[in-house]
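Colleague: I would like to learn how to read salt bridges in a model. Can we go through some together?

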Amino acid sequence: VLFLQIVHILNMTSAKIVSFLLHPEESLHSLQNRIEFETGISTGNQELLLETGICLDPRKPASQCVIDGVRGWDSYMVYLFDKSKTVYDGPFASRSLSDCVNYIVQDSKIQLPIPQLRKVWAEAVHYVIGLKEDYSRLFQGQRAAMLSLLRYNANLIKMKNNMVSASQQLKAKLEFFHQSIRLDLERYSDQMAYGISSEKMLKAWKEMEEKASQCAQAEDIGYLDEQIMALHTEIVELQKSPYARRQGEVMESLEQRAIDLYKQLKTRPPDHAYSDSTDMVKIIVQTVQSQDRVLKELFGHLSKLLGCKQKIIDLLPEIEVALNNIKEADNSVMQMQGKRQREIWHLLKIACTQSSSRSLVSSSLEGTASTPAATWLPQSSSGNTAPHPLSSLAAPEDGENFADVIQENVNYLELFSSILQEVRQEQNSMMVS
């Protein structure tokens, strides 16, 4: 018997306890199917919480519901909630009276022998203690719901902080992007008159600026931040609420009064005396009324807890979407920044190529200007320069110099043509990109 594993499930929707004998290595899904058969709550809507507010892990066996050891095993509870409900219809009816206790409640002034009265009052005391324990178990279920809510809230705060951090980073990158692209557009406009121009590239840059303005919408998370802050305030108020603390002091005092009354009865000698049950019935009625009041407050508070938890569950996907939008906008801004920088360096390459081609052309023109003069105008014996007839250039040395100059000019012309062709190709490729 000691090795049997029994799990006690407190159904918070009905305030009833159902117990199950666990089979060896039984899975949690199998246990949930049995719970569905007993309670009518589908497996998809079942939320099983431990006293610490931790939800049972479906990957682990059902034995996770049972504590190790003998002490306290029969009082350890797992709390069942219906995820399809956020408002619970408490308070529920109190536990039923036994026939003997119901007999004295119906007529508290009836006289009974002391021995018989002891038995009836013993059951009455047990009934009062049971009412208090029912409330205590339900309060533990409410406390488990509160702890579960705080776990969800901690996860919400963590995701909110990630979202705010990502939004601030995106905002900073957008500000840098806007400032840099404005400066690039100004500098580009300044050099268009004497430098390099590309209408297609200019249009692409302006489209980047507009697209960056659209990306700024992703950083707008104010509406989510307001909802999270309002929800956080509501949770703090629920934690401060007096209904979040145990309200069974009245029931505990009534329990003690019932025990003391029963002890006084036990001290009376078992003679032929008779007595009524007026005092005990008053305690029973007051305990039932007190339980109705505290259970009404408990389930009202529990419904607020579950409502806040559902709001968190609804907010989490919205935060995920906002985070994804921020990441996509961030990647888009970085890609546009990289593309624009590559285009700037491409322009710089073209400008350097054009500058080098101009220097080559100017040097070739200087060379051709000096060489023909020396060739066509040789020095005369008198020191005066005078043009010579074409027949005078028939000397072998003069013919060789003239051929060298022509060949050099041809080489420079071919080089200049290749440079110009390369520059045109690079400009065309830039226009296409």
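Modeller: Start with the rule: a salt bridge is a side-chain nitrogen of Lys or Arg within 4 Å of a carboxyl oxygen of Asp or Glu. Side chains of opposite charge can pair when their charged atoms come close. This is a predicted model, where local features need pLDDT of at least 70, side-chain atom pairs count only at pLDDT 80 or more, and totals for chains, interfaces and linings use all residues. Residues are numbered from 1 along each chain as its sequence is written, and side-chain values use heavy atoms, with hydrogens and water left out.

Colleague: How many salt bridges does the rule give?

Modeller: The count is 13. Take Asp134 and Arg137, whose side chains meet at 2.8 Å, N to O. Both lie in helix α3, three residues apart, about one turn of the helix. (Helices are DSSP runs of H or I, at least four residues, numbered from the N terminus.)

Colleague: Which residues are linked with Asp134 in a network?

Modeller: Arg95 and Arg137 join Asp134 in a network of salt bridges.

Colleague: Is Asp134 buried or exposed?

Modeller: Buried means under 20% relative accessible area, exposed over 50%, partly exposed in between (1.4 Å probe, protein chains only). Asp134 has 17%, so Asp134 is buried. Arg137 has 23%, so Arg137 is partly exposed.

Colleague: What does Lys132 pair with?

Modeller: Lys132 forms a salt bridge with Glu255, the closest N and O atoms being 3.1 Å apart. This pair links distant parts of the chain: Lys132 is in helix α3 (residues 114–191) and Glu255 in helix α6 (residues 249–267), 123 residues apart. Lys132 and Glu255 are both buried.

Key:
Helices (H or I, at least four residues) and strands (E, at least two) are DSSP runs, numbered from the N terminus.
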